[in-house]
Amino acid sequence: GARGSAAPRWSPGSLRAVHLENFMCHEHFQLDFGPHVNFISGQNGSGKSALLTAICVALGQGARQTNRAKSIKTFVKEGTSYAMIALTLHNGHGADAFRPDEFGDTITVVRRIAASGASTFKLMAGRRDGAKVSSDRKDLESMLDHFNIDVNNPMVVMTQDSSREMMSKGRPSDMYNFYMRATQLEELRANLVEGIEKKKAMKAILSDAQHDVDKEKEKLEELEQKMREYQEIRDIDESIGKVREQAIWACVAAKQREADEARDEAGTVALQAQQKEAALQKAQDALARANEAETDARQGDGGVSAIVARMEEIKGQAKPVMDALKAAKKEANDAARQKTHCTNSVNTAARTIASLQKDIKKAKVALQGMDDAGGDAKVRAAREAVAAANAKAKDVRATMAAIEQADASAKAALQQADGNKLQQERDVRQHESDLQRYSRMGGSSASVFSPVADQVLKIIENNPRAFARKPLGPLGALIKLTDQRWSGAVSMQLSKSLDKFVCSSMADAMRLRDLCRRNRIDLRRVNISAVNFDLPQHNISPERQPDPSLTTIYKVLKGEHAVVINVLVDVEKIEQVVLMPEENADAKDVAFGRRRRNVKTVVCGNGTRMEMKGASEVMRPFGGRLQAKIGADQGALIAETRAALEAAKAKLAQACAAAESSKREYGGMQQQVRAAKLERKKAADAVTLAEAKLDGALAKANDNNPDSQQATIEALQAELEREQASLQRFQGEEAEAEARAAATMAVADERNNALGQMKANLEQAKAEHEEAYGGIDRLRQKVQRAEGKMADAQKQLAGARKNAHAAEKVADDKQAEADRDEARVAARFAKPDVMPRKTQVALETDMERLEKRKKRAEAQLGGGSYEELRRQTSKQRKRTQRSESTLDEVLLPFGKINDAIKARSKRFKVAQKDTARQVSHRFQETMAERGHQGMVDVNYDDFEVNLRIQLNMDTNRSGGVEGGQVTDVRSMSGGEKSFSTLAFALGLGQLCDSP
């Protein structure tokens with residue numbers, strides 16, 4: 001109890017309370033400890049020792065260590081199914097507290113022992129009804145280590161047996177054993193002995209490794225000695241290698257000589273070609289004079305070059321604009337097609353205007369040199385032909401655009417038909433697979449929900465001991481419906497959970513997965529989860545459910561196990577899924593209207609699902625076939641699946657026919673596209689031909705008919721005005737199209753305008769380029785006439801050059817072959833300073849002679865080749881190196897272990913000496929309180945502890961003690977013997993920091 005009025009102070013790790021249930025003789029026992037010394041008294045058999053045993057067992061001690069039982073289940077009170085110990089220790093919040101943020105002021109250790117012998121630990125924050133922090137035994141050991149509590153140390157827990165043994169027997173050897181356990185020197189000694197044994201084992205391994213190294217070195221020495229005997233053979237091999245190398249280089253030298261001869265021949269032919277070139281010098285002089293004329297003609301080429309540079313610059317600027325235009329057109333294809341149509345009309349009108357302008361310009365030039373009329377009718381006819389050809393080309397382009405649009409639609413229809421065909425094929429395969437599975441399922445309904453369910457169930461039945469509790473599943477086989485008409489809708493809604501297997505723990509779930517993998521079951525087809533089997537079935541309050549008048553899956557579902565319903569509530573929210581017979585206004589009112597309180601999803605009889613997604617109303621029609629899996633029998637499933645299979649085959653046939661029809665239609669459209677492209681090409685060719693005829697007519701009309709030519713110019717001007725009016729109309733249509741597509745074609749319009757400006761600039765530059773080259777062409781004709789004069793001379797030179805080229809090619813081929821051979825040989829052998837003089841045949845004869853000499857030498861040494869001996873020596877050298885490496889690997893840890901044992905032995909001896917001195921000193925202090933003197937004599941060599949006591953004879957009259965000198969405590973009186981034993985125990989106990 002408390003001393004005076006001061007509040008009790010508890011040290012961390014001290015006992016606060018103990019609670020027992022069905023432990024040994026205690027059925028229900030509760031005891032609260034005081035902060036100081038606690039005394040427990042009672043009659044024999046009342047359970048005092050049982051209480052001490054319970055404390056030791058709660059702190060992790062085994063049954064045999066308590067000396068009260070051989071098995072932990074013996075502690076369970078007879079007639080009960082379990083025993084429970086709750087031991088509360090003080091923790092506090094200071095620096096000495098153990099994880100105070102988690103456990104708080106006190107820690108309660110709860111150990112539960114089943115009658116079968118299984119036991120568990122729990123560490124609770126606060127009293128035994130507090131929150132569980134851990135159930136890991138390692139955390140219990142960490143706490144005991146933190147508080148320095150060792151229940152196996154007799155100075156921490158001194159039982160009746162240990163105290164009785166020490167007081168009654170008192171033999172030096174027993175005192176020594178007690179001393180070693182109490183001071184924990186026994187544990188240090190055991191660790192030292194274990195290290196010494198490891199050292200002995202390592203030493204044996206080291207000896208074996210050294211023996212292996214010696215053996216391998218002996219073998220290596222024998223082989224190396226034999227290698228030295230083969231020195232002569234090796235010299236012969238070197239000579240053979242040198243001769244072989246010389247033979248290879250002799251072959252290379254022969255190829256090089258052939259190449260040199262071919263090069264000389266090519267030089268002769270090249271000289272002949274040079275003579276022909278000298279003969280052409282006069283023709284070249286004439287050409288030089290022609291080139292001077294061409295240079296004069298190029299005086300205006302600077303302007304042409306500038307125009308060409310400007311054209312290239314415009315093209316370079318147009319490329320990024322065109323790329324941006326393509327990207328903009330892609331964003332709005334429909335508007336782009338309309339825009340393209342209008343743009344084509346504008347471009348056509350622009351080209352026509354440019355052509356008319358060109359014709360007007362030509363006609364004006366022709367008018368300047370005319371002195372009478374002529375050819376006007378032909379020019380008008382040619383111009384009308386050009387206009388007609390342009391009109392027809394315009395119509396053909398419009399037809400082409402319509403055909404291409406129809407072709408794109410036909411292609412999209414074909415792709416959709418092919419996709420529908422593939423889906424129907426998948427449905428047919430799925431129905432066939434289901435039909436086969438249902439036909440094989442026998443009396444089990446599990447395979448309805450998963451194709452591997454029967455295999456998983458067989459694994460569970462064959463391995464009952466692999467699981468703490470038997471897994472359940474599939475969930476679809478463990479539930480029933482109160483109204484079978486909802487089977488199809490419920491099966492569809494819960495499809496992701498009906499194939500699930502549930503385990504009582506994550507460990508069981510991992511074991512089941514491992515067993516499935518071992519039995520070669522695809523884990524992607526196995527749905528396994530871990531849930532709590534001990535929870536009662538969820539009680540869904542009315543506040544969490546929809547209107548009572550509505551039918552939910554939770555109301556129509558019954559499960560064989562509470563855990564099955566709990567999983568469906570937690571995962572599928574079945575208490576909030578409403579079932580409606582039809583897809584009508586009532587169903588929508590429940591899903592989206594005033595009756596949607598606590599409604600997550602509405603499932604209609606046809607499979608349609610309705611639910612709210614944020615502020616959006618979502619309806620998902622069920623595209624497949626509703627299959628009533630829950631509660632269905634095998635015959636009904638087979639019949640239903642067979643009917644569905646026939647329907648799917650019929651749909652597949654329709655899809656195939658539709659796909660073939662779309663394919664034919666697309667093929668027809670492709671033919672029309674090809675025909676339209678041909679027509680477009682013909683129309684373009686007709687325009688080109690008409691324009692060519694117009695150019696010819698204009699050229700022929702360049703006679704003495706100025707009045708007719710003036711009329712022609714006026715007609716062209718009128719046609720130009722009409723085309724300009726058409727251009728304005730087309731541009732207006734283009735503006736309207738741009739206005740209609742303003743939202744999506746703003747960027748495209750900007751890029752197109754820029755590109756149009758660049759095209760106009762490019763057309764203008766082209767016109768200027770053609771005008772500038774008109775004068776250049778006349779000057780270049782002079783150069784062409786000069787070049788024509790050189791043609792004959794060039795023909796004469798061609799033959800000579802051809803011969804020279806052929807000869808040069810032969811020489812190059814031979815040189816290339818020689819270079820390749822030399823490169824291949826040089827990659828293996830160093831090129832000699834002087835090539836061999838002997839031929840290859842002579843060198844090969846030398847090699848044969850050396851080979852025979854080598855064989856004779858090998859025969860004299862008793863058989864076996866040098867190469868074989870070299871391989872054996874190399875292998876033996878590697879084996880020797882590996883043996884030495886193994887020896888080094890053993891030496892390093894052996895040295896570390898040896899050093900560690902020496903250091904540990906030294907520290908152990910120091911600990912022995914210091915411990916004995918401290919225990920003896922404290923023993924003397926306690927004995928001095930009665931006026932006695934004493935010391936503790938520890939003999940580590942003889943494994944004995946003796947108490948040397950000099951009694952105070954003024955206060956002691958022990959019989960048989962002379963002069964007060966005592967060497968055997970058993971000869972002392974009961975009181976002095978007890979006091980001496982207590983002094984010894986206190987001397988040992990002061991070394992222990994246990995609370």
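**A first look around**

Tutor: Happy to! The secondary structure of the protein chain comes to 24 helices and 18 strands. Keep in mind that this is a predicted model.

Student: How much of the chain counts as buried?

Tutor: Of its 995 residues, 37% count as buried.

Student: And what share of the contacts join residues at least 24 apart?

Tutor: Taking contacts in the protein chain between residues at least 6 apart in sequence, 71% of them join residues at least 24 apart.

Student: OK, sheets next. In what order do the six strands of the open sheet come?

Tutor: The order is β2-β1-β3-β4-β5-β6, with antiparallel pairing. β2 (26-32) and β6 (132-134) are the edge strands, each pairing on one side only. On average, neighbouring strands here are turned by 20 degrees against each other, direction ignored.

Student: Which helix packs on that sheet?

Tutor: That's α1, which touches β1, β2, β3, β4 and β5. The direction of α1 makes about 105 degrees with that of β1.

Student: How many bridges are there between β1 and β2?

Tutor: Six, in the antiparallel sense. Within that pairing, Phe23 stands opposite His26 in β2.

Student: Which residues have the most contacts inside the largest nonpolar core?

Tutor: Phe23 is back again, together with Met143; this core has 34 residues. At least two residues each come from β1 (15-23), α1 (48-58), β3 (82-90), β4 (106-114), β5 (119-125) and α3 (137-147). The most come from α1, which gives six residues.

Student: Why would residues like that group together?

Tutor: In soluble globular proteins, nonpolar side chains tend to be buried together.

Student: What is Met143 in contact with, leaving aside its neighbours within four places in sequence?

Tutor: Met143 is in contact with Phe98, Ile107 and Val109. Apart from this core lies another one, of 31 residues, including Trp486, Val564, Val567 and Leu568.

Student: In which sense do β12 and β13 pair?

Tutor: Strand β12 (residues 577-580) pairs with β13 in the parallel sense, over four bridges. Leu579 has Val603 as its bridge partner in β13. With helix α17 (residues 585-592), these two strands make a right-handed β-α-β unit.

Student: How many bridges join β13 to β14?

Tutor: Two, and β13 runs antiparallel to strand β14 (residues 609-613).

Student: Switching topic: where does UniProt place a "coiled-coil region"?

Tutor: The unreviewed UniProt entry puts that feature at residues 199-240, 346-441 and 638-665. In the model, residues 638-665 are 100% helix and 0% strand, and the end C-alpha atoms of that stretch are 40 Å apart.

Student: Where is the place of Ala658?

Tutor: Ala658 is in helix α18 (residues 634-700). Ala658 counts as partly exposed because its relative accessible area is 36%, and the cut-offs for that class are 20% and 50%. Ala658 and Ala417 are 241 residues apart in sequence, yet 6.3 Å apart in space, C-alpha to C-alpha.

Student: Last one: which strands form the three-stranded open sheet?

Tutor: They are β16, β17 and β18, in the order β16-β17-β18, with antiparallel pairing. The edges are β16 (933-939) and β18 (965-966). Seven bridges join β16 to strand β17 (residues 944-950), and Val936 stands opposite Leu947 in β17. Helix α5 (residues 172-182) packs on this sheet, touching β16 and β17.

Note on methods: Residues are numbered from 1 along each chain as its sequence is written. This is a predicted model: local features need pLDDT of at least 70, side-chain atom pairs count only at pLDDT 80 or more; totals for chains, interfaces and linings use all residues. Side-chain values use heavy atoms; hydrogens and water are left out. A nonpolar core is a set of buried Ala, Val, Leu, Ile, Met, Phe, Trp, Tyr and Cys residues joined through side-chain atoms within 4.5 Å. Buried means under 20% relative accessible area, exposed over 50%, partly exposed in between (1.4 Å probe, protein chains only). Contact means heavy atoms within 4.5 Å. Two strands pair if DSSP finds at least two bridges between them. A crossover is right-handed if, with the strands pointing away from the viewer, the path from the first strand over the helix to the second runs clockwise. UniProt positions are given in the numbering used here, feature names are shortened, and annotations may be inferred rather than shown by experiment. Axes are lines fitted to C-alpha atoms, for helices over the stretch in contact, and angles run from 0 to 180 degrees between N-to-C directions.
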